[in-house]
Amino acid sequence: MHVRRTPTSFPNPSLATGLAAVRERLVEDLDTAARRDPASRGRLELLLCYPGLHAVWIHRLAHRMWQRPGLKLSARVLSQLNRSITGVEIDPGATIGRRFFIDHAMGVVIGETAEVGDDVMLYHGVTLGGRSMERVKRHPTVEDGVTIGAGARVLGPVVIGAGAQIGANAVVVKDVPPGAVVVGVPGQVRQPSSDVPHTDPYDVWADPAIFI
């Protein structure tokens, strides 16, 4: 029996829904990059010229493949291709949230058991690495709204609290409270204080971005 379709019907509604969700996520990522990088000049440039975006998009596909036992090797191969193309190494097992942005991208490494929340930003040279050879949770958990500066190393199953900022080249091996700033080697946690006036232009709370 021949079934006629109306001109507005779609052969596979679930496919249409999936494609719409992918498009929405891509646009969200592009808008996030535009907001995070004042040097950007429109979505087309972001789409073509930003390896940080490309790395995240390829990882999302690799991560979906990783969740299927028969595709784990293929997921690893795709992640290696991602590394070759973008200079970013994200293990396909790592969990990455929404609106994640890697500025400049080159040299970023994210380990298998890392968990990254929403609205997180990394700069180039960041490592979310492990300190154990056991098959356990051995990489960091980075909560929502965290910024990690260029060259920083966050090692082990530590928790970086929501809204924290990790300064450039800091080495973090302990948990970081929400909203704190960490600078130095080893990383030292600074907490905001409303009682101390910020008169020094290099004070970490006057402008945390100088360390990022």
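## Strands and sheets in a predicted model

In β13, V171 is the bridge partner of R153. The model that shows this pair is predicted. R153 belongs to strand β10, which covers residues 153-155. Strands β10 and β13 pair in the parallel sense, and two bridges link them.

This pair is part of an open sheet of five strands. The order in the sheet is β1-β4-β7-β10-β13, and the pairing is parallel. β1 (89-90) and β13 (171-172) stand at the edges; each has a single partner strand, so one side of each is left without a neighbour in the sheet.

A second open sheet has six strands, in the order β3-β6-β9-β12-β14-β15. Here the pairing is mixed. The edges are held by β3 (101-102) and β15 (188-190), each with a single partner strand, so one side of each lacks a neighbour in the sheet. Within this sheet, β6 (residues 121-122) and β9 (residues 147-148) run parallel and are joined by two bridges. M121 has T147 as its bridge partner in β9.

| Strand pair | Sense | Bridges | Bridge partners |
|---|---|---|---|
| β10 and β13 | parallel | two bridges | R153 and V171 |
| β6 and β9 | parallel | two bridges | M121 and T147 |

The chain as a whole has four helices and 15 strands. Of its 212 residues, 40% count as buried. The chain exposes about 12,100 Å², of which carbon and sulfur atoms supply 57%. Among contacts in the chain with a separation of 6 or more, 33% are between residues 24 or more positions apart.

Methods. Residues numbered from 1 in each chain as written. Predicted model: local features only at pLDDT ≥ 70, side-chain atom pairs only at ≥ 80, totals over all residues. Heavy atoms only, no water. Pairing = 2+ DSSP bridges. Buried < 20%, exposed > 50% of the residue type's maximum accessible area, 1.4 Å probe, protein only. Contact = heavy atoms within 4.5 Å. Areas by Shrake-Rupley, 256 points an atom, 1.4 Å probe, with all protein chains shown as cover.
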